[in-house]
Amino acid sequence: MMEPKYKRVVLKLSGEALSGNNGFGIDPETMKGIAKEIKEVHRLGVQISIVVGGGNIWRGKTGEEMGMERAQADYMGMLATIMNALGLQDVLENIGVPTRVQTSVEMRQIAEPYIRRRAERHLEKGRVVIFAGGTGNPYFSTDTTASLRAAEIEADVILMAKNGVDGVYSDDPRKNDAAVKYDKLSHLEVISNNLQVMDTTASSLSMDNNIPLVVFNLNEEGNIRRVILGEDIGTTIEG
């Protein structure tokens with residue numbers, strides 16, 4: 001068995017990644033495919049935590065455009081992430097992967113509240129921990145949640161799984177054929193060049209806590225395993 005490069009990871013999944021080609025909601029086959037890849041990595045003995053977005057159900061910016069108060073719209077987005085987390089938990093447990101959902105918004109009937117030391121204990125016992133509810137505060141993205149949780153649990157890396165994009169480019173490669181792909185970047189370069197890998201708060205938090213980030217294409221089967229085994233795919237951001 002190959003030795004994983006990373007022992008404890010935060011996998012950042014966007015809500016859109018769970019919707020497949022539908023663009024909205026949860027696509028069952030897409031969810032099952034992601035769960036199977038997570039199971040493969042889990043078998044390697046890697047401690048896996050997941051931060052899931054909610055954009056496939058609700059976006060705070062949408063509410064803002066409707067004239068909704070930003071904080072209220074963001075709270076709705078937090079609830080969307082919890083729905084995604086519960087769905088992912090069910091699919092993982094159906095294929096034999098022990099899982100816990102922890103939420104920043106307290107919902108004791110359906111999930112544990114987020115407690116750092118309890119999350120670390122779950123990871124040590126071989127359970128996949130899904131962090132839902134964002135940071136629990138409006139005005140912060142789930143990218144920031146990923147950086148924050150990675151710092152708190154001392155993760156080796158954040159794995160930024162993108163929907164159909166195989167790394168970081170100078171421009172959107174789906175709109176600009178001349179866009180150049182970067183193999184390696186520093187967090188400062190991401191911020192100063194406004195490359196929009198993560199929001200600025202998340203990038204600054206990752207930089208300040210020296211947390212590496214690997215951006216890769218989720219849609220290519222086996223990529224989660226390849227990244228964790230240390231294959232040189234996607235874009236690595238560190239330093």
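Contact is taken here as heavy atoms within 4.5 Å. The structure is a predicted model, in which local features need pLDDT of at least 70, side-chain atom pairs count only at pLDDT 80 or more, and totals for chains, interfaces and linings use all residues. Residues are numbered from 1 along each chain as its sequence is written, and side-chain values use heavy atoms, with hydrogens and water left out.

Met2 is located in the segment that precedes strand E1; helices (H or I, at least four residues) and strands (E, at least two) are DSSP runs numbered from the N terminus. Apart from neighbours within four places in sequence, Met2 makes contact with Leu44 and Leu229. Met2 has a relative accessible area of 52% and is therefore exposed, where exposed means over 50%, buried under 20%, and partly exposed in between (1.4 Å probe, protein chains only). Its C-alpha atom is separated by 24 Å from that of Glu238, which is 236 residues away along the chain.

Strand E1 is mostly covered, with six of its six residues buried. In a regular strand, side chains alternate between the two faces of the sheet. In E1, Arg8, Val10 and Lys12 are buried on one side, and Val9, Leu11 and Leu13 are buried on the other. E1 pairs with E2 in the parallel sense over six bridges, pairing being assigned if DSSP finds at least two bridges between two strands. Leu11 has Ile50 of E2 as its bridge partner. Five bridges join E1 to E6, also in the parallel sense, and Lys12 stands opposite Met160 of E6. A right-handed β-α-β unit is made by E1, helix H1 (residues 28-43) and E2; right-handed means that, with the strands pointing away from the viewer, the path from the first strand over the helix to the second runs clockwise.

Helix H5 (residues 142-152) is likewise mostly covered, eight of its eleven residues being buried. The buried residues are Thr142, Asp143, Thr144, Thr145, Ala146, Ser147, Arg149 and Ala150. Their packing partners include strands E1 (8-13), E2 (47-52) and E6 (157-162), together with helices H3 (70-94) and H7 (200-208). At the start of H5, a side-chain oxygen of Ser141 comes within 3.2 Å of the backbone nitrogen of Asp143. After H5 comes Glu154, with a positive phi near 60 degrees.

His122 belongs to helix H4 (residues 116-124). His122 is buried because its relative accessible area is 6%. Not counting residues up to four places away in sequence, His122 touches Arg100, Gln102, Glu112, Arg127 and Val129.

Methods:
A polar contact is a pair of N or O atoms within 3.5 Å; within protein, one must be able to donate a hydrogen and the other to accept it, and residues adjacent in sequence count only if both atoms are side-chain atoms.
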